[in-house]
Amino acid sequence: QVQLVESGGGLVQPGGSLRLSCAASGFISNINFMGWYRQAPGKERELVAGITTSGRTNYADSVKGRFAISRDNAKNTIDLQMNSLKPEDTAVYYCNVKTRFAYWGQGTQVTVSS
């Protein structure tokens, strides 16, 4: 039984920071990709940041220089540090792990507003 649980979302002012965490439970083998997606109302889900098993990262252009994805093998988590947050970052953020299957968390709401 594989489960991904996101945490760390909430309300933050523009320019502020949040750190999201995705905790994985159960055994996951043959991981090809780990990352964070987000989806705003009326918009398609988009990839925010990804990290490979070798540690290579990639980011959406809109978050480059502001967000950083990392993994902690000891804690079995995938984290997303979000700095200099903007209102357009408001969305539900989802953790994703891809093997030959795709696993998703339930999502955590991030709202950037004054």
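User: Is Asp 79 buried or exposed?
Analyst: Asp 79 counts as buried, at 11% relative accessibility. Buried means under 20% relative accessible area, exposed over 50%, and partly exposed in between, with a 1.4 Å probe and protein chains only. This is a predicted model, where local features need pLDDT of at least 70 and side-chain atom pairs count only at pLDDT 80 or more, while totals for chains, interfaces and linings use all residues. Residues are numbered from 1 along each chain as its sequence is written, and side-chain values use heavy atoms, with hydrogens and water left out.

User: What does Asp 79 form a salt bridge with?
Analyst: Its partner is Arg 19, with the closest N and O atoms 3.3 Å apart. The pair links distant parts of the chain, since Arg 19 is in strand 3 and Asp 79 in strand 8, 60 residues apart. A salt bridge here is a side-chain nitrogen of Lys or Arg within 4 Å of a carboxyl oxygen of Asp or Glu. Strands (E, at least two residues) are DSSP runs, numbered from the N terminus.

User: And Arg 19, how exposed?
Analyst: Arg 19 is partly exposed, at 43%.

User: How do strands 3 and 8 pair?
Analyst: Strand 3 and strand 8 (residues 77-82) pair in the antiparallel sense over 6 bridges. Two strands pair if DSSP finds at least two bridges between them. Cys 22 stands opposite Ile 78 in strand 8. Strand 3 (residues 18-25) also pairs with strand 1 (residues 3-7), again antiparallel, over 5 bridges. There, Leu 4 stands opposite Ala 24.

User: Back to charges. How many salt bridges in the whole structure?
Analyst: The search finds 5. Arg 38, Glu 46, Arg 66 and Asp 89 are linked in a network of them. Within it, Arg 38 pairs with Glu 46 at 2.8 Å between the closest N and O atoms. Arg 38 is buried at 6% relative accessibility, and Glu 46 is partly exposed at 33%.

User: What about Asp 89?
Analyst: Asp 89 forms a salt bridge with Arg 66, closest N and O atoms 2.8 Å apart. Asp 89 lies in the loop between strand 8 and strand 9 (91-98), and Arg 66 in the loop between strand 6 (57-59) and strand 7 (67-72), so the pair ties together parts 23 residues apart in sequence. Both Asp 89 and Arg 66 are buried.

User: New topic: where is Gly 107?
Analyst: Gly 107 is in the loop between strand 10 (102-104) and strand 11 (108-112). Gly 107 is buried, with a relative accessible area of 15%.

User: Which residues is Gly 107 in contact with?
Analyst: Leaving aside neighbours within four places in sequence, Gly 107 is in contact with Glu 6, Val 92, Tyr 93 and Tyr 94. Contact means heavy atoms within 4.5 Å.

Definitions and conventions: Helices (H or I, at least four residues) and strands (E, at least two) are DSSP runs, numbered from the N terminus.
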